[in-house]
There are 2 protein chains.
Amino acid sequence: MAVYTEVPDDQMAAFVARYGIGDLLSAKGIAEGVENSNYLLRTTQGSYILTLYEKRVDPAELPFFLGLMEHLAGRGLICPVPLRDRDGAQLGRLAGRPAALVTFLDGLSVRRPGAAHCAEVGRGLALLHQAGADFAMRRVNALSVPGWRPLAEQAGAQADNVSPGLAARVMAEIERHERGWPQGLPGGVIHADLFPNNVFFIKEKLSGLIDFYFACNDAYAYDLAICLNSWCFESDFSFNLTKGQAMLAGYESVRRLEPAEVAALPELCRGSALRFLLTRLVDWLNVPPGALVKPHDPLEYDRKLAFHQRVSDAREYGLRR
Amino acid sequence: MAVYTEVPDDQMAAFVARYGIGDLLSAKGIAEGVENSNYLLRTTQGSYILTLYEKRVDPAELPFFLGLMEHLAGRGLICPVPLRDRDGAQLGRLAGRPAALVTFLDGLSVRRPGAAHCAEVGRGLALLHQAGADFAMRRVNALSVPGWRPLAEQAGAQADNVSPGLAARVMAEIERHERGWPQGLPGGVIHADLFPNNVFFIKEKLSGLIDFYFACNDAYAYDLAICLNSWCFESDFSFNLTKGQAMLAGYESVRRLEPAEVAALPELCRGSALRFLLTRLVDWLNVPPGALVKPHDPLEYDRKLAFHQRVSDAREYGLRR
């Protein structure tokens, strides 16, 4: 992981004692979450995840994320539930950092999802959209269209060192979306980062959704576009229509897409591919020399983008109408 | 951690299925053990640690370490127990590496041990020595006197860049020990690395000993000297006699030291301080540029060595006679 805060045993025990979850039995720093430090705790009552928020997370946004997880769990979604300490606070401080304790979820993330996993994720995403519909807090999606040009400018001409012509390809996409991004679609709270590493399964059954630190208010179908991008392509960047069908059918088993969403889907897939291309590109160009953490390859999303540029109808992603 | 092997979920599940410990529910890479990759697993039956041995461990030595842990656990010592797969093997292969599955131990390692912890460790160390007495396999201590000169030569004149005069100080100690290292002391299997991070406690009660990958055959009192060095100094390198008394009394509550061991203790403390000074020095001089893992400061043991050079009697460590 990129950052890691060590917490002395006595401070850890004192922190846990505030939550009334029994005596601390063990605490293991886990290699999960590049952005934050995470510990898997066992107490006499159960297992929990302790997160210390490192500098890439804005502390002012934590009440939204923690409040959302509590709200979603209260509506029956399987996600980590932030615990409240004896003063009723979800957010504490430990080792000089904002810190929170959440329930532990069993499950494994799948490296190579099959169609059954995609169906489960589609269904789980729709359940998340339903469960979040009456959440009172709001958070703007900082990584939607208005955020893309500044990212491209940060990468600048260096983009062409990653792949020839990339800077121009990216700028043409940004201009297109700035002109004609779909507006007025049904929306609410979206996960915005539901990649395979953020979904747990036990066998082929979804057992939990994690990592809500990109959650925000945006179009529901944009969240689905992010999932089509991150679950339904093969490692050679070919699109697996069977997986797309499974995911879309899973989603629609809970919430049917409206005609405007269906019409917008190719454009939303194209935009979400650009969004991950841009953030990965900036990370890729900013790796400190000698760093042990290898960033994700931005070109994976350049290839996916090329696929979406040739799509004109949601049926090409597997939507059955 | 320095090295980390990622194991795909399907390979992990297939590996675990060989051990008859139920279905895999979760697997978290843990930030423990600089030398190997470790995962904390939960199955429908319990919790386990999966270790993938990275290149610093010689696979030919693994049967000694795994056999020892099984032997010690069978004698009642609280340590990880290596599981045997359906073919009776303790050692498997996973993601191209030798791999073993051991039982999980609850407990936390203490950052600032008190006298009560030192008493527990002294007692635990003596129990380990008793439990290992009839273990049939043998392993030479590669980091005893004959191993020190090659380490000093590896550091060479660069030692003086770490601290002026260090190369000469180290060489004088090596020559002293090559001439007069205590011989013929009672011995058997020793842990050889029982630092605070390798001992778990629940409250002030010892709950387990881990990390047997330096275990070998050597003098019991040398193991005690290693513990006096790693548990009984304060952060300003002053020796805490109360902790020394507690540790020695704890040890002798199980196994009384013989007169020859008592007489040799100052020399053994001096030698074990040199041993950790040397390995830390070599690691310190070989950090790859930009590495995220900071090696231990070798000068901590230079300071401890200076303390031992002025000791002439085991009573100065707190032995009551």
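## Close-up views of a predicted two-chain model

**View 1. The two domains of chain A.** The domain assignment divides chain A into domain 1, which covers residues 9-103, and domain 2, which covers residues 115-317; as in every view here, the structure shown is a predicted model. Between the C-alpha centres of domain 1 of chain A and domain 2 of chain A there is a separation of 27 Å. Where these domains touch, domain 1 of chain A supplies 17 residues to the contact and domain 2 of chain A supplies 16 residues. On the side of domain 1 of chain A that touches domain 2 of chain A, 11 residues are nonpolar, three are polar and three are charged.

**View 2. Helix α1 of chain B and its two faces.** Helix α1 of chain B runs over residues 9-17, and B:M12, B:F15 and B:V16 are buried in this helix. Looking down the axis of α1(B), one finds these buried residues within an arc of 95°, so they line one face of the helix. The face turned away from that buried side carries B:D10, B:Q11 and B:A14, which are exposed.

**View 3. A positive phi at A:A95.** In chain A, the loop between β4 (92-94) and β5 (97-103) contains A:A95. This residue is not a glycine, and yet its phi is positive, at about 50°. A:A95 counts as partly exposed because it has 14 C-beta neighbours inside 10 Å, a number that lies between the limit of 12 or fewer for an exposed residue and that of 20 or more for a buried one.

**View 4. A positive phi at B:F237.** In chain B, the loop between helices α7 (220-231) and α8 (241-252) contains B:F237. Its phi is near 70°, which is a positive value in a residue other than glycine. With 14 other C-beta atoms within 10 Å, B:F237 is partly exposed.

**View 5. The contact between chain B and chain A.** Where the two chains meet, chain B gives 27 residues to the contact and chain A gives 27 residues. On the side of chain B that touches chain A, the elements giving two or more residues are α1, β1 and β2 of chain B. Of these, β1(B) gives the most, with seven residues.

Key
Residues are numbered from 1 along each chain as its sequence is written. Chains are lettered from A and ligands numbered from 1 in the order in which they are written. This is a predicted model: local features need pLDDT of at least 70, side-chain atom pairs count only at pLDDT 80 or more; totals for chains, interfaces and linings use all residues. Domain bounds come from an automatic or database domain assignment. Two residues are in contact if their C-beta atoms, placed from the backbone, lie within 7 Å. Ala, Val, Leu, Ile, Met, Phe, Trp, Tyr, Cys and Pro count as nonpolar, Asp, Glu, Lys and Arg as charged, and the others, Gly among them, as polar. Helices (H or I, at least four residues) and strands (E, at least two) are DSSP runs, numbered from the N terminus. The arc is that of the directions from the helix axis to the C-beta atoms.
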